[in-house]
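Hi,

Here is the structure I promised to pass on.

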Amino acid sequence: MRFYSVVETSVPANEETKPESLMASMPAEEPAPNDFEANKSRTSQSGKCDLFTGEWVPDPSGPVYTNQSCFQIEGHQNCMKNGRPDSGYLYWRWSPRGCSLPRFKPKKFLQLMRNKSWAFIGDSISPATLMVRAPLLRALDSAGSFRNLVPLAIIARLLVIYFQQEEQAVETYHDEEYRSKIWLFPTHNFTLSVIWTPFLIRADIFEDMNGVSSSEIQLHLDELDKKWTDQYRSFDYAVIAGGKWFLKTAIYHENNVVTGCHYCPGKNLTELGFDYAYRKALQLVFNFITSSGHNTHAFLRTTTPDHFENGEWFSGGTCNRKVPFKEDGVNMTDVDTIMRNIELEEFAKAAALGPEKRVVLKLLDTTRLSLLRPDGHPGPYRQFQPFAADKKAKVQNDCLHWCLPGPIDSWNDLVMEMIVNGGIYQ
């Protein structure tokens, strides 16, 4: 993989990057063409454009919430609270080429979602999107608590989304491990759900909350996870995501027979590969959606890249960059390329059936824009104040999940724009 950044910098790890310096450092040249055929803009040919081709541009206004205004940020993503010293990563915004991308408007979103239900279904990255959105909606669904949750400067910018009725969102469900949750926004009768199902299909997982495994995952390639399929027909909107969990060691079952595995040395089983299982899973998912008879808006969020350098999660890999990459400054890993190609291929097959099945399928293709943000991960700040006792401590880095606030705030902008003006995009 080759890397170079929008701004070459030698900023020390403990020095804060200011937005003014980012603005001054932006290159004047036009961004290079995207190398993904599936995402090329069609503005000139059909009046449509691709929200997912573009660049990250400096944004002096910064995020609309912080760790002090949003209390729902999970500990491992709360980079501010955990002591990350730089803040430059907060001052960038996704700018599609040829498209105007408005900011996420909570009031408009809630109005659109009145008497609706929304679900985030899949792996541990999907709830991150929810954790960005839920605190803001919770604040906005309560006029009385609005000032307690959101700083004054933000209130000035968001006066248009002030609500008259005082009401708090209600958490109506969580599972034992708090991985799956449901919130109700009573004023709008809007339900927001997270369903944690990392494979989307039936999986017997022998792993604790810290990721320590006591046995191989048993993956049933011909059976969907009922945790989400039993609820699916109650959802008006669903964002579905998978991918990274398929890289784990797993034994594959089909028709109640072990047919092979992925990375199971010593088991005397056929190595079928993660790509075999992932394709099978997506085929099963799309077949269910298109034959469900339920008229829903379903989004497939493409794979999320990591940014480990000089090693992996378990071997000292780090992610110390402070600014985004240029558009042509980084290539996807082979694994991410394989996953994304499978997603594009299976989505295209399902989308062709969508109209006749009365199902709306959308591709939330966040892979490339996420790939350009190596600066947005917790790194060593996955844990609270990791260098408080020893500034030279060796700390495991998290270069897969994202800081909140951070780059994935733009995912909300994208989803809302696809709902409001979906017809003008590819």
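In what order do the seven strands of the open sheet come? Bear in mind that this is a predicted model. The order is S5-S6-S7-S4-S10-S13-S15, and the pairing is mixed. Strand S5 (170-174) and strand S15 (360-364) are the edge strands; each has a single partner, so one side of each has no neighbour in the sheet. From one strand to the next, the twist averages 15°.

Ile 182 is a handy place to start, with Ser 193 in S7 standing opposite.

Then there is helix H9 (residues 334-357), which lies across strand S13 (297-301) and S15. Relative to S15, helix H9 runs at about 160°.

Now the aromatics. The count comes to 15 aromatic pairs, and I picked out two of them for you.

- Phe 246 and Tyr 278 make a tilted pair, 5.0 Å centre to centre with 50° between the planes. This pair links distant parts of the chain: Phe 246 is in the loop between strand S10 (237-241) and strand S11 (250-254), while Tyr 278 is in helix H8 (residues 274-291), 32 residues apart. Phe 246 is buried, with a relative accessible area of 2%, and Tyr 278 is buried too, with 0%.
- Phe 286 and Phe 347 make an edge-to-face pair, 6.2 Å centre to centre with 70° between the planes. Phe 286 belongs to helix H8 and Phe 347 to helix H9, so the pair ties together parts that are 61 residues apart in sequence. Phe 286 has 6% relative accessibility and counts as buried; Phe 347, at 12%, also counts as buried.

Which charged end sits over the ring of Trp 245? That would be Lys 248, 4.6 Å from the ring centre.

The charged end of Arg 373 sits over the ring of Trp 56, 4.6 Å from its centre.

That's what I have for now.

Cheers

Key
Residues numbered from 1 in each chain as written. Predicted model: local features only at pLDDT ≥ 70, side-chain atom pairs only at ≥ 80, totals over all residues. Heavy atoms only, no water. Pairing = 2+ DSSP bridges. Helix = DSSP H or I, 4+ residues; strand = E, 2+ residues; numbered from the N terminus. Axes fitted to C-alpha atoms, helices over the stretch in contact; angles between N-to-C directions. Contact = heavy atoms within 4.5 Å. Phe/Tyr/Trp six-rings, centres within 6.5 Å; stacked < 30°, edge-to-face > 60°. Buried < 20%, exposed > 50% of the residue type's maximum accessible area, 1.4 Å probe, protein only. Lys NZ or Arg CZ within 6 Å of the ring centre and 35° of its normal.
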